[in-house]
Amino acid sequence: MSVPIIQGWCPGALRPMASGDGLVVRIRLPGGRMTPDQARRIAALAATHGNGLMDLSARANLQLRGVSAASHGPLIAALTEMGLIDRDAEAEARRNILISPFWREGDATRRIATDLAQALAAPDAPHLPGKFGYAIDIGPSPVLREASADIRVESLADGALIVRAEGMECGARVPVEGAAQAMLGLARWFIAAGGVQQGRGRMAALIARGAPAPEAFHEVPAPPPLPFRPEPGLVRAGALVALAFGQTDPATLTALADLGPLRLTPWRMLLVEGARQMPDLPGLVTSAADPMLRVVACTGAPGCLQAHRPTRDLARRLAPHVPPGCLLHVSGCAKGCAHPGPAALTLTATARGFDLVRNGTASGPPSRTALDPVLPAQLNKAP
């Protein structure tokens, strides 16, 4: 198996990433939300300057695909006019903020997100690895525990807030007005404690190495994790709809924009703000029983330069054969970008075919190798 290249950074708008279908341009939407007008304009820009395909990332950002070197400049000019582009690529990379899509009017979510974004844009903001990020998850119970983040702010049982480092079971009690600065202080400690090595590093790895966090961040225990499984359906804030493989097109995004503002999620779902019935549009997954929720797949070949084979047609074909409660991950290479964690079944593409990994990750030891083509019966055969 060839060793995939790990970039160590995420694409941005000002620093796009080359892929097999052109440049991937990631838009970090302020507050993880698009107004209807913004969504319509972005849909039009995706069609004009890219190939029309748009991905929801695992960090609740929107990626435009198929952008060319020639069309990148006009695209950035249009996004700048919309107020969606940072001062420079460094400032953009710092603004790695994920918020719970279930925020409510009057809670502190958007205030903390704004305070943190402003602090990260300051000249003295800490220079951190490209994948280092923050989660604002202050609802009645945390919903972002499975999403990638290095510093989190959550709610305690008494309504106060806690800022904590990923990998620690305790943190510092903070007021709303001090939350952003506490998060920045923890980020500066991460750098001082040696968390950055050769330009890379994550908080959980530093904590696992036994680095002692500042005393204030041992003050109170974190709220206990409660079962949470995001599923399509109506929620208090609106209608939660899934996109197959987290991908959409201009027509679908425009139709959703006609229903209300859109909140992005890290679950490859969109929340249609204020909707009181599920949208009936092609390309959406609106039922929790839909087999497409049992499969995840990366872009695959030829859209990804590192993928050995196409992935999504295979995942779509196998989805009805995946038992309820199980997850099938089809990965174009051993990186496993679409699902870095373990899955009940993983098919990893290689130069020889697909390797089958049970209860592991895309780079895990396979129980069967060189499956091509993959048949439903092969998923259930004993190792």
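At what angle do the axes of α1 and helix α2 (residues 69-81) cross? They cross at roughly 170° and come within 10 Å. The model is predicted.

**Helix α1 against α2**
- Angles over 145 degrees count as roughly antiparallel, so α1 and α2 are roughly antiparallel to each other.
- On the α1 side, Arg41, Ile42, Leu45 and His49 make the contact.
- On the α2 side, the contact is made by Ser71, Pro74, Leu75, Ala78, Leu79 and Glu81.
- By class, this contact has six nonpolar, two polar and two charged residues.

**Helix α1 against α7**
- Helix α1 (residues 36-49) also packs with helix α7 (residues 250-257).
- Their angle is about 170°, and their axes lie 8 Å apart.
- That angle makes α1 roughly antiparallel to α7.
- From α1, the contact uses Pro36, Ala39, Arg40, Ala43 and Ala47.
- From α7, Pro250, Leu253, Thr254 and Ala257 take part.
- The contact of α1 with α7 has seven nonpolar, one polar and one charged residues.

**The second largest pocket**
- The second largest pocket has a volume of about 560 Å³.
- It is lined by 36 residues.
- Closest to its centre are Leu29, Pro30, Gly31, Gly32 and Arg95.
- Elements giving two or more residues to the lining are β6 (97-99), α4 (109-121) and β15 (262-264).
- Helix α4 supplies the largest share, seven residues.
- The lining has 17 nonpolar, 11 polar and eight charged residues.

Key:
Residues are numbered from 1 along each chain as its sequence is written. This is a predicted model: local features need pLDDT of at least 70, side-chain atom pairs count only at pLDDT 80 or more; totals for chains, interfaces and linings use all residues. Side-chain values use heavy atoms; hydrogens and water are left out. Axes are lines fitted to C-alpha atoms, for helices over the stretch in contact, and angles run from 0 to 180 degrees between N-to-C directions. Helices (H or I, at least four residues) and strands (E, at least two) are DSSP runs, numbered from the N terminus. Angles under 35 degrees count as roughly parallel, over 145 as roughly antiparallel, 65 to 115 as roughly perpendicular and the rest as oblique. Contact means heavy atoms within 4.5 Å. Ala, Val, Leu, Ile, Met, Phe, Trp, Tyr, Cys and Pro count as nonpolar, Asp, Glu, Lys and Arg as charged, and the others, Gly among them, as polar. On a 1 Å grid over the protein atoms alone, a cavity is a set of points where a 1.4 Å probe fits but cannot get out, and a pocket is an open set with protein on both sides within 12 Å along at least five of seven lines; lining residues have an atom within 4 Å of a point. Grid points are joined across faces, edges and corners, and a volume is the space filled by probe spheres set on the points.
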